[in-house]
Amino acid sequence: MLPTDPTKKLSFKRHITDGDLVIVYEKHDNMKAVKVSEKSVLENRFGVFKHSDWIGKPFGCKVSSHKGGFVYLLAPTPELWTLVLSHRTQILYIADISFVIMYLELIPGCVVLESGTGSGSLTTSLARSIAPTGHVYTFDFHEQRAMAAREDFERTGLSDLVSVGVRDIQGEGFPKDLIGRADAVFLDLPQPWLAIPSAGQMLKEDGVLCSFSPCIEQVQRSSETLASNFTDIRTFEVLLRTYEVREAKMEQCQTEEGTPGARPNKRKQRVSEASHWEQDKSDSHMVMARPSGEAKGHTGYLTFARLKCVA
Amino acid sequence: MSTTVEQQDNSNQNRRITWEGCSVLLDINDGDRLVFSRLTAGSIVKIGNKNYPLRPLIGCPFGSLFQVESGENGPSLARVISTAEDNNTEDKKECDLKEESRDNRALIDNNTAQTLTGEDIEGMRRQGASGNDIVEALIANSATFENKTSFSQEKYRLKKQKKYAPKVLLRRPFARSICDTYFKKYPARIGFLRVDTLSLILSFSNVTANSDVLVVDMIGGMITGAVAERLGGTGYVCNTYRGDSPYSIEIVRIFNFNDEINKRIVRLSLGELSGNGDLKENEMISSNQESLTFEESTEDKIASKIYKAAKPGEKASQDSINSWKENGFSSLIIAAPDVDAWSIVKEVLPFLSFSAPFVIYHQYLQPLATCMHNLQVEKMAIGLQITEPWLREYQVLPSRTHPHMQMSAFGGYILSGTKICNEKSTTQ
C-alpha cells in the first residue's frame, strides 16, 4: 500500500499485475478490496468481472463486466482501506485518525504504541506516518483479532512496519522492553486510566499520549489519572460535515421591463403579479451545495497529554 | 544512501533537545501568547516590560517550563524543576474541588477587596520578592478570597500568577503547533486553515515517505512545510506556481528541517512543468550547473564538516522534472485562496498519476462546489467529496466538565477525490 517499495509506487506506467491488491470502486459508498488472481472472477450486481481482463491495465481505470456494467480499479490507500476493511470492532474514521496523527506529532522514524489493535483502521494510518524507518507496536488482548489484523497487514504490505502483540495492556501494561522508546502512545481501551501509568513509562520525555473514549465518564477518569505525570491535557471532539453538490435550473424572477435583478416598482408588481414568474429563456444553471442530511454525531472524545519533563 | 545515515537524519529531525540556532515556539502563560523564536546567544523574548535572554533555553529538552527571575544580572528565565511533591499537592486540590458549598451570594464588587496597593507590590519587588511571593501576598490581602469557591480561588491564583510570575513553555515547532499558532495569531496568512483541516488534507492526499507531492501553496508555505515534515527527507514536495515568481514559503523556515528535508522542497513553474516555451533548453543547462555546484557543496560538507544550510525551495532538477513527467505525481494539494479552484485544477491535474488522490482547500464553499461539479461532468475523478471538519475542545474538571465557551466555528472546506484514467486522458 505504501510506496516504500519503488516498484509499487503509483505511476503512469504502473499496471495492475497478478497478486496486486486493488480497491474495486462501484460508488463512493460501495467499495471492496480484491486480490488480483489471474483465474479469479468478481461477481457483483453489475455482472461477472474476469481478473484476467484487469491485468496490464493502469490503476484508476474503468473495467467492464460481461454484461457491460463497470467498476473502477483503484490502488489501495489507508483512507480507502478504512472504508473496505472487515469490521471486527468499532473502528476509527478519517477525521479522528487524521487529528490523532497530527497531534501525536508522528513523522517518519517515530516509534508509536497502540492498544487495542481492533480492526487495524488507525494502525494502517499510523504505519503510513512513521514509514519507512519507524515502527508501530500494536497490542490486542483478543488472540483471533490480533491474528486477523496480522493477516491484513500482510495483505496490505505493512508487516515490516507493524508488530502485532497479544497482550492485555490494561492488566499487564506495555512490555518492558519498550520502556522509554515511544514517541507516542495511543489508547483505545474501555478503562484507559489503568494503562496510563504504563504508557507514561514507555514514552520519551515530552512524548504525546492520546486516549480515545466514547464516553465522557471515561475521559473524566483518564484526565484525573493523567494529571500526575502529564501536562498539556486537552480533550477534543472532531466531526465531519459532508456536502452535497447539485446543478439545477433556477427560475428567474423578471420584471415587466425584463431587467432581472432591478428593483421592481411595488404598485406595478401587484397589478401584474402573475406574469412576473416565468422561466428564463436563457439556460440559467446553478451549482449549489448543502450539507448532507445525515452525519455521524459522535465518535469519541480524544484526550491528549504530554509526558512531563522532569529535570 | 545507507540506513545509518538515514537514521541519523531522522533522529536529527526528531531532536528533543534544543540547540544553538534552533527554531522554537515559546508558549507564554499557558497559550496566552505564542512566539516563534530562534535560540541564539543574543536572542531575547519580551514579557511585560522586560527583556529576557533566551540563552538559558539552549540545550534544554522541548517541553521544559521556565519562570522569570530577577537576578543580579537583570531579569532571566530559569527552568522550573517539577518534583513528585508538586504532583501530590495538585491531587489534593482536585479532591477538595469535589465538595463545594460556598457560593458568591455575599460578593460585593466594589473594588475594595484588595488591600495591597501597587506601591506595596513595587516595594516587595525591590526587596527581591519572587513572583510567587507576590501572588501569595495578594491572596493573603484579599478580603474576598476565603469566601470564593475553590474553583474561583484557583482562577484568581492563575490570573495573578500570569501577571506576576509568568511561565514560559518551550515547544517544538511542528506542523501542529505552527498551524495552531498561525491560526490564532495570523489566520489570514494561512488562508484560515485550521489544524484539523490540515490534518485531513494530509490524510486525504495520502502523503507518506517516498511520495512525490505536487502542491500549489499560496498560504505561506504551511502546506509545503507540513508535507515535507511527513516526507522526512524522502520523495519530493514540488511547489508549482503561475508566472515568474514562486509563492512565498517563509513558514517552512520555522520548522527545524535538516538539509536532507530542505533538499526535498523544490519549486517549478507551471510553464516548465507543462514543458512549453523555449525556456526549456536554457533551463536544462542552468539546472545542470546547479546540480553540479550542489554536488560540490555536499562533498565540501562531508569533507570539512562545515555547516552550510541547504535552502528549501530550490528549483527542481531536470532529472526530477523528467521523472515527474514520465510517472506523474503521487499526490496533489492545492491551497490557493485567490485562484479559481477549477481553473488551477484543470491545469495541474494532468501531472497527477492515475488513481492518485488530490485535495483542494478553500475557505469558501462555492468555488469548490463548482470545481467538484466540473470534475464530475468531465469524468476526471471519482470519490469526490466536499468536507468540513468541526472541532470542539472540552474543559475536563471534576464535576465541571463541559465544552469550551468559545470555539472556532470554521476551519475551511476541502474537496477531495481520486484521479481516474479515462479514455480522454489515455490518448493525451
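Q: How do α13(B) and α14(B) lie to each other, oblique or parallel?
A: In this predicted model, α13(B) and α14(B) are oblique to each other, where angles under 35 degrees count as roughly parallel, over 145 as roughly antiparallel, 65 to 115 as roughly perpendicular and the rest as oblique. The axes of α13(B), residues 341-348, and α14(B), residues 365-377, cross at roughly 40 degrees and come within 8 Å; axes are lines fitted to C-alpha atoms, for helices over the stretch in contact, and angles run from 0 to 180 degrees between N-to-C directions. Helices (H or I, at least four residues) and strands (E, at least two) are DSSP runs, numbered from the N terminus.

Q: And which residues meet there?
A: From α13(B), Ala341(B), Trp342(B) and Val345(B) meet Pro367(B), Leu368(B), Cys371(B), Asn374(B) and Leu375(B) of α14(B), contact being heavy atoms within 4.5 Å. The residues of this contact divide into seven nonpolar, one polar and no charged; Ala, Val, Leu, Ile, Met, Phe, Trp, Tyr, Cys and Pro count as nonpolar, Asp, Glu, Lys and Arg as charged, and the others, Gly among them, as polar.

Q: What conventions sit behind this?
A: Residues are numbered from 1 along each chain as its sequence is written, and chains are lettered from A and ligands numbered from 1 in the order in which they are written. The model is predicted, local features need pLDDT of at least 70, side-chain atom pairs count only at pLDDT 80 or more, and totals for chains, interfaces and linings use all residues, while side-chain values use heavy atoms, with hydrogens and water left out.

Q: Switching to chain A, what is the strand order in the open sheet?
A: The four strands run β2-β1-β6-β5 in chain A with antiparallel pairing, where two strands pair if DSSP finds at least two bridges between them. The edge strands are β2 (30-35) and β5 (61-64), and β5(A) pairs with β6(A), residues 70-74, over four bridges.

Q: Which residue stands opposite Ser64(A)?
A: Ser64(A) has Phe70(A) of β6(A) opposite.

Q: Why is α7(A) called largely enclosed?
A: Because eight of its eleven residues are buried, α7(A) is largely enclosed by the rest of the structure; buried means under 20% relative accessible area, exposed over 50%, partly exposed in between (1.4 Å probe, protein chains only). Among the buried residues of α7(A) are Trp193(A), Ile196(A) and Met202(A).

Q: How many residues are in contact between the chains?
A: In chain B, 80 residues are in contact with 71 residues of chain A.
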